[in-house]
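Open the model in your viewer and keep the selection panel at hand.

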Amino acid sequence: MVLQRDKPINVWGFASPDEKIEVTFAGQKKQTITDKKGNWLVVLASLKTSAKPQTMTILGSNKIELTNILVGEVWVCSGQSNMEYQMRKLAKIPKPKNEKLGFPADEVEKAKNTQIRIFLVNRKQLAKPDSIHKSWAVAQDSALRAFSAVGYFFAKEVQEKLGIPVGMISSSVSGSAIEPWVAPEAFAQESFFKNQKVSNDPGKFYTTMIEPLSKFKIRGFLWYQGETNCFLNETISYSYKLKTLVNLWRKAWGEQLPFYYVQIAPYDYSKQKSDKVVLTADTEPNFWEAQQQILRLPNTGMIATSDLNDNGGDLHPTYKWEVGRRLALLALGKTYDQKIDFSGPIFKSVSFKKNEAILDFDYLKPINSTSITGFTIAGKDGKFVNADAFLKDGKIIVSSKEIADPTAVRYNWTESPTGNLYSNGLPALPFRTDNPLTNQFKTN
């Protein structure tokens, strides 16, 4: 396995009541006595990075040896099917259209990097401690075939750029809504859900698949979920559910850990039949807006995926290697302080002068493209028309001959976006300047 560097490390387990336990690792020796129920825990002082395998010895009335342990960076990745999406699928998918993004179809065959270790959570086994740690594996062969593609490609990029061991823990469930990943009592503490019944089995996966991990020290979280809630036409309620999840997970680990997450990919929601709600062309843009509210919480980041689906009818787009890479750029830039470009443009503010809208962005670099596409603009009547857009003095100027007095601008506000606003080779997040959630969503 990989243990998290530079943080005190918990080692825990069970034995007979009042049994003496001794843990030896990396030149440290710690002792404790189990409690009345036989539970025990020792804390090792912070460990230095180590790419050389070491052995941990745990001595009680019997002896357990855990071998081949590295010390580096550990991340937990979670969500629904697009996070669970297994490496073995890469060998079977058709060749993607965007050749610039590569196509590592044979990655599992080539993967021989013993510095990447993976742990696939089995919800039935996690609650029962495992003294031989058979869930950990080197990222290769059958273990890698069953593992999260997004999680693996994130680890591959981080390991390559930092040159240190990386451990990935994947805990995802296909088709899961967000609610099962959040404890019911956490919803009860969020005022938005006062006097509301939260549906979709709150806590079902949190209790079995997240909480038991919380003693294991990690660097941060990766999250790729939302399609199930988008099908329910959610907007601000999803913002509050995601906020509740972030706060709960951070509290469980006792640290303000980084939380990096994925914009759900473009999909033809408006063409799907639902007996619960009416899905429209605005369903997905509205949901993207709800996802983005979490960027207002500290230590968060969201990657854009508006260019990562070849087919609007595919709920599981193929470019998982690029999703992993973009998440890794966030981690490398924001968590590991590397001097790299880690984000596409993110809308900041707008001002209107005569017939023009002047837009300010974070992470906006000079653009090669002469004309920027994907923008629409509206006047007081709220009718949006296609707009002209260009870069001038670090701002984007948007206008249309049809609108004399503009009041609002939108970018890629569609479930099938084709806008070409990029910086650093990364797409801009979709947005609208008339975003109602800005005032409605409260971060504290």
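For the charge count, Lys and Arg are taken as positive, Asp and Glu as negative, with His and the chain ends left out. Select those side chains in this predicted model. The protein carries 57 positive and 45 negative ones, and the centres of the two sets are 4 Å apart.

Now show the whole chain as a cartoon. There are 11 helices and 23 strands. The radius of gyration is 24 Å, close to the 22 Å that the globule rule gives for 444 residues, so the protein is as compact as a globular protein of that length. The C-alpha trace spans about 80 × 50 × 40 Å along its principal axes.

Switch to a surface. Its accessible area is about 20000 Å², and carbon and sulfur atoms account for 49% of that. Of the 444 residues, 54% count as buried.

Colour by domain. The assignment gives domain 1 (2-70), domain 2 (71-336) and domain 3 (346-440). Which distance separates the centres of domain 1 and domain 3? Over C-alpha atoms, it is 55 Å.

Zoom in on Asp18. Look for it in the loop between strand E2 (9-14) and strand E3 (20-25).

Finish at Lys354, in the loop between strand E14 (346-353) and strand E15 (356-362). Phi of Lys354 is also positive, near 50°. Is Lys354 buried or exposed? Lys354 is exposed, with a relative accessible area of 76%.

Technical notes: Residues are numbered from 1 along each chain as its sequence is written. This is a predicted model: local features need pLDDT of at least 70, side-chain atom pairs count only at pLDDT 80 or more; totals for chains, interfaces and linings use all residues. Side-chain values use heavy atoms; hydrogens and water are left out. Helices (H or I, at least four residues) and strands (E, at least two) are DSSP runs, numbered from the N terminus. The radius of gyration is taken over C-alpha atoms; the globule rule is 2.2 Å times the number of residues to the power 0.38. Buried means under 20% relative accessible area, exposed over 50%, partly exposed in between (1.4 Å probe, protein chains only). Accessible areas come from the Shrake-Rupley method with a 1.4 Å probe; for residues, only the protein chains shown count as cover. The place of a charge is taken as NZ of Lys, CZ of Arg, CG of Asp or CD of Glu. Domain bounds come from an automatic or database domain assignment.
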